[in-house]
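Work through each task yourself before you read the solution.

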Amino acid sequence: MAKSIDITDLDIYYGDFKAVEGVNMTIKAKAVTAFIGPSGCGKSTFLRSLNRMHEVIPGARVEGKVTVDGQSLYDSAIDPVEVRRRIGMVFQRPNPFPTMSIYENVLAGNRLNAKRMPKATADTIVEKSLRGANLWNEVKDRLGKPGMGLSGGQQQRLCIARAIAVEPEVLLMDEPCSALDPISTAAIEDLIHELKSDYTIVIVTHNMQQAARVSDDTGFFNLKAAGQPGHLVEFNPTKTMFTTPDNPDTEAYISGRFG
Ligand SMILES: Nc1ncnc2c1ncn2[C@@H]1O[C@H](COP(=O)(O)OP(=O)(O)OP(=O)(O)O)[C@@H](O)[C@H]1O
Ligand SMILES: [Mg+2]
């Protein structure tokens, strides 16, 4: 079910501003791909272009090609809503729906697709997704309580449960651990490791150790100068990236000699 993604000559715009330029890469199925790079270089922008979330911003558009297992993502026949179901997203700040219980939060995406669902089916999806997100044991006795009542790390795992409940093919994660303590971070990293047997995972992180720990491939994005578009400097297996990178700028960034 997991899919590979091919990106060819992708430029990404906000109105007249070209935020990202000329990206070419292949994101492997059933692997973890990490994006690193300084603030403002376009990591989040690029991530959102992979499930057509970018274009919801007025004036925002892309040029170039993204194909998911050979199918063109930006083809006019493709329904962006369906794309966002198949390619799920977890945001930097956990964003559970504030008025919903833990149970209903997990099902929020499924409810969009099927308003009515037998209780037994719903229960099964909730338990499976919460187990998948490593949260079940902590919440199984309070599923009817508000999702907002959970700790930050639990909320982030709740959002991961919500994302996997619809059984996406790809999971995009934008700095999913940036608001979390080391224990919650370790839980999410374990989870990413488990999820990659079923999903294609793309993660943006500012934490170099995290990229090195969780990912198979890493892309380093950078900016030539403020106001210039971000671009992909290097894309390589993570081991290569962190030991013998091709580009001296990658080396400077990952060793902290940068700026
Ligand atoms: N909604 C928007 N409208 C206009 N410009 C935007 C918008 N969102 C981002 N940008 C611009 O696009 C560029 C890339 O931003 P982006 O958020 O993708 O960077 P990033 O690499 O994710 O940074 P960070 O590490 O701080 O999250 C920046 O110059 C930013 O100001
Ligand atoms: Mg970002």
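**Exercise 1.** In which helix is the place of Ile164? Then decide whether Ile164 is buried or exposed, and list its contacts.

*Solution.* Keep in mind as you go that this is a predicted model.
- Step 1: Find the residue. Ile164 sits in helix α6, which covers residues 152–165.
- Step 2: Look at its accessibility. Ile164 has a relative accessible area of 7%. Buried means under 20%, so Ile164 is buried.
- Step 3: Look for partners, leaving out residues up to four places away in sequence. Ile164 touches Ser129, Gly132, Ala133, Leu171, Leu195 and Tyr199.
- Step 4: The C-alpha atoms of Ile164 and Leu107 are 10.0 Å apart, while 57 residues separate the two along the chain.

**Exercise 2.** How do the axes of helix α3 and helix α4 cross, and which residues make the contact?

*Solution.* Two packed helices are described by the angle between their axes and the distance between the axes.
- Step 1: The axes of α3 (residues 102–113) and α4 (residues 119–132) come within 10 Å and cross at roughly 100°.
- Step 2: Angles of 65 to 115 degrees count as roughly perpendicular, so α3 is roughly perpendicular to α4.
- Step 3: From α3, the contact uses Ile102, Tyr103, Val106, Leu107 and Asn110. From α4 come Lys119, Ala122, Asp123, Ile125, Val126, Ser129 and Leu130.
- Step 4: Sorted by class, this contact has eight nonpolar, two polar and two charged residues.

**Exercise 3.** How many aromatic pairs does the structure hold? Describe the pair of Phe35 and Phe46, then the pair of Phe220 and Tyr253.

*Solution.* 
- Step 1: There are four aromatic pairs.
- Step 2: Phe35 and Phe46 form a tilted pair, 5.3 Å centre to centre with 55° between the planes.
- Step 3: Because Phe35 belongs to strand β3 and Phe46 to helix α1, this pair ties together parts 11 residues apart in sequence. Both Phe35 and Phe46 are buried.
- Step 4: For Phe220 and Tyr253, the ring centres are 4.8 Å apart and the planes lie at 25°, so this pair is stacked.
- Step 5: Phe220 lies in strand β9 and Tyr253 in helix α10, so the pair ties together parts 33 residues apart in sequence. Phe220 is buried at 0% relative accessibility, and Tyr253 is buried at 10%.

**Exercise 4.** Which residue lies over the face of Tyr13?

*Solution.* Arg61 does, at 4.1 Å from the ring centre.

Methods
Residues numbered from 1 in each chain as written. Chains lettered and ligands numbered in written order. Predicted model: local features only at pLDDT ≥ 70, side-chain atom pairs only at ≥ 80, totals over all residues. Heavy atoms only, no water. Phe/Tyr/Trp six-rings, centres within 6.5 Å; stacked < 30°, edge-to-face > 60°. Helix = DSSP H or I, 4+ residues; strand = E, 2+ residues; numbered from the N terminus. Buried < 20%, exposed > 50% of the residue type's maximum accessible area, 1.4 Å probe, protein only. Lys NZ or Arg CZ within 6 Å of the ring centre and 35° of its normal. Axes fitted to C-alpha atoms, helices over the stretch in contact; angles between N-to-C directions. Parallel < 35°, antiparallel > 145°, perpendicular 65-115°, else oblique. Contact = heavy atoms within 4.5 Å. Nonpolar A, V, L, I, M, F, W, Y, C, P; charged D, E, K, R; others polar.
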